[in-house]
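Hi everyone, thanks for making time.

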Amino acid sequence: MTHPKIAFMGAGSVVFTQGLLADLFAFPELTGAHIALHDIDPERLATARAAASYIAERRGAAHATITAHAERREALADADFVINIVQIGMDEATRTDFDVPAKHGLRQTIGDTLGIGGIFRALRTFPFLRELGADMAEVCPDAWLLNYTNPMAMNVQYLTAATGLTKVVGLCHSVYWTMRDLAELVDVPYEEITYRAAGVNHQAWVLRFEHEGRDLYPKLDELIASEAELRRRVRVDMYRRLGHYPTETSEHSSEYVPWYLHHDSEVERLRLPIGAYLGIVEENVAEYRRTRRALAAGEPLAVEGTMEYAPQIIHSVVTGTPRTVYGNVPNHGLIDNLPAHGVVEVPCLVDASGIQPTRIGSLPPQLAALNRTYLSMNDLVVRAALEDEPRHIRHAAMTDPATAAALPVERIWQLCDDMVRAHGERLQPALRAQLGT
């Protein structure tokens, strides 16, 4: 695999595509890669191609081949790696995910993993994933699918159940950036710490956090005890009560449990930004427009690496260089006290033979209990799609901790009907049913 072909699905997410390409072309062995960009939006696709060409030039990847494709199968043909960053419905659908639940009194901060936002983001993504899997089975059956699209665990579970693809891994930077932040907090260089985390995406747990064989958790405890502002973070509050630090931001973490968002006092105490993701969406759109203007005017673009896992995985598989990344994969015995069919986040060894997940054993029981609720909700959403069963959408919402804490069951069913109406044809036909209460 001298010059791998790497297909980007949803390449019109230009800012993220730029970061991934900057990382890819930082590896000398990948500067001759074929980058095949696909997006259904012609303007965004053209912008992605121009940005990719610019980054290739700046990174010294003169021998790279960069192609743009409106047709998905053409981009996928003979690919060695497929990177999925598709967001179905874009910012319009995301606003729906916030606005409709808000009318029912349901608060969300990010809305892309669990909760009503996560459920319907998954349901409108599944039809695309089924088509992507079918295409890959025909035109690039040996390719690795590297998925970044949220909700991560639901999407990976659906992909493996509905498409038959086996070379699938979900990638997220939350463990990496959590550990960098913790290292900085305890004033130890990140390069000198050793750590292990495991659980589920956006709700994994730091099981080991050491420096030169010394546990760093006691140092973190001292800081938390002495700094009142640290105690005003959801993830710190969860750590103090559960004994292990969660690997996603407080905004994210607040949505996966029933204890915070429903209570005004907790929203204030823990400074929770309701609807925060809508601001991120607006900034992403603004950044895309800035990039498009800069390219049109011949102005320089920032070419900065992002330390994402996909380029590292590609480099390891192509060159045989061993490294460890965190991946989201079907459990199948990796974590004993979580469901076998659920998707878990664990360290994975990557080398020329591919991606090899690490067996963890059992999580501490209080952590596994929360993760099991998360995976139960995921399973109901996936079953709704696999079985064409609209009642399971409602069952998933009833199981979701934050939704169940905020709304009586009748309102949960009404909200699901409203969301089904709002997303309409983005959902597979059998799931568009209105069920009432």
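Let me start with Tyr-260: at 2% relative accessibility, this residue counts as buried, where buried means under 20% relative accessible area, exposed means over 50%, and partly exposed is in between, with a 1.4 Å probe and protein chains only. A quick word on the model: it's a predicted one, where local features need pLDDT of at least 70 and side-chain atom pairs count only at pLDDT 80 or more, while totals for chains, interfaces and linings use all residues. Residues are numbered from 1 along each chain as its sequence is written, and side-chain values use heavy atoms, leaving out hydrogens and water.

Okay, aromatics. The structure holds 11 aromatic pairs. Here rings of Phe, Tyr and Trp (its six-membered ring) pair if their centres lie within 6.5 Å, and planes under 30 degrees apart are stacked, over 60 edge-to-face, the rest tilted. One of them is Tyr-176 with Trp-177, edge-to-face at 4.8 Å centre to centre and 75 degrees between the planes. Then there's Trp-259 with our Tyr-260: centres 5.9 Å apart, planes at 80 degrees, so that pair is edge-to-face.

What about burial in these pairs? Tyr-176 is buried at 8%, and Trp-177 is partly exposed at 36%. Trp-259 is partly exposed too, at 35% relative accessibility. Tyr-176 and Trp-177 also belong to one aromatic cluster with Tyr-190, Tyr-195 and Tyr-326.

Next, helix α8, residues 217-226. Helices (H or I, at least four residues) and strands (E, at least two) are DSSP runs, numbered from the N terminus. Which residues of α8 are buried? Tyr-217, Leu-220, Leu-223 and Ile-224. Down the axis of α8, the buried residues fall within an arc of 115 degrees (taken from the directions from the helix axis to the C-beta atoms), so they line one face of the helix. The face turned away from that buried side carries the exposed residues Glu-222, Ala-225 and Ser-226.

Last stop, the inside. There's one cavity of 30 Å³ or more, with about 60 Å³ of space in the largest cavity. On a 1 Å grid over the protein atoms alone, a cavity is a set of points where a 1.4 Å probe fits but cannot get out, and lining residues have an atom within 4 Å of a point. Grid points are joined across faces, edges and corners, and the volume is the space filled by probe spheres set on them. The lining includes Leu-106, Arg-107, Glu-255 and Asp-400, and α5 (115-139) and α16 (401-406) each supply at least two lining residues.

Notes
On a 1 Å grid over the protein atoms alone, a cavity is a set of points where a 1.4 Å probe fits but cannot get out, and a pocket is an open set with protein on both sides within 12 Å along at least five of seven lines; lining residues have an atom within 4 Å of a point.
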